[in-house]
Amino acid sequence: MTVTIWIDGWQTQCCGESFRPGDVVEWQVVEADAEDYADVVGAGRAAEIDFREERHGGAGEEGASIRAKAEAVVEVHCRYEVAGDGVGYPVPGSTELVSVERADGWAAERPGATFCGYLVAAEPVAG
């Protein structure tokens with residue numbers, strides 16, 4: 001059963017390890033809430049996200065470890081717009097998905113878009 005895992009770019013930059021499709025990786029994950037990703041990847045794609053990696057969990061976050069083989073890795077880029085409160089928010093519909101052969105937390109710049117993270121299709125493995 002393939003699962004989809006969201007991995008924030010900043011978490012990989014901070015203390016994650018690079019990986020490629022075909023690699024078996026162990027991640028600390030929590031269940032994802034599709035609402036958290038709808039503005040970034042669209043409601044349909046957000047509903048497909050099963051877990052999010054969490055290396056810096058907050059109080060009350062019950063995480064689990066998952067060992068899985070990365071089948072496909074997609075960079076997620078989107079445009080941000082600063083609102084009246086001075087905070088940048090994702091612009092719905094501005095998402096760019098780029099299949100990549102390596103995830104290391106750093107992505108080539110895309111005109112007008114910011115690198116957000118990765119969507120990883122992965123197959124859980126035993127042991």
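Predicted model: local features only at pLDDT ≥ 70, side-chain atom pairs only at ≥ 80, totals over all residues.
Reader: Which helices and strands make up the protein chain, and in what order do they run?
Author: The protein chain has 3 helices and 8 strands. From the N terminus on, they are arranged β-α-β-α-α-β-β-β-β-β-β.

Reader: How does the radius of gyration fit a compact globule?
Author: The two agree, because a compact globule of 127 residues would have a radius of gyration near 14 Å and the protein chain has 14 Å. The C-alpha trace spans about 50 × 35 × 30 Å along its principal axes.

Reader: How much of the protein chain is buried?
Author: Buried residues account for 37% of the 127 residues.

Reader: Turning to the aromatics, how many pairs are there?
Author: There are 4 aromatic pairs.

Reader: Is F19 buried or exposed?
Author: F19 is buried, with a relative accessible area of 3%. W27 is also buried, at 3%.

Reader: Why is the pair of F19 and Y118 edge-to-face?
Author: The planes of the two rings stand at 65°, so the pair counts as edge-to-face, the cut-off being over 60 degrees. The ring centres are 6.4 Å apart.

Reader: Which parts does that pair tie together?
Author: F19 lies in the loop between helix 1 and strand 2, and Y118 in strand 8, so the pair ties together parts that are 99 residues apart in sequence. Y118 is buried, at 0% relative accessibility.

Reader: Which residues do ring pairs link into a cluster?
Author: The cluster consists of F19, W27, F115 and Y118.

How values were computed:
Residues numbered from 1 in each chain as written. Heavy atoms only, no water. Phe/Tyr/Trp six-rings, centres within 6.5 Å; stacked < 30°, edge-to-face > 60°. Buried < 20%, exposed > 50% of the residue type's maximum accessible area, 1.4 Å probe, protein only. Helix = DSSP H or I, 4+ residues; strand = E, 2+ residues; numbered from the N terminus. Rg over C-alpha atoms; globule rule 2.2 N^0.38 Å.
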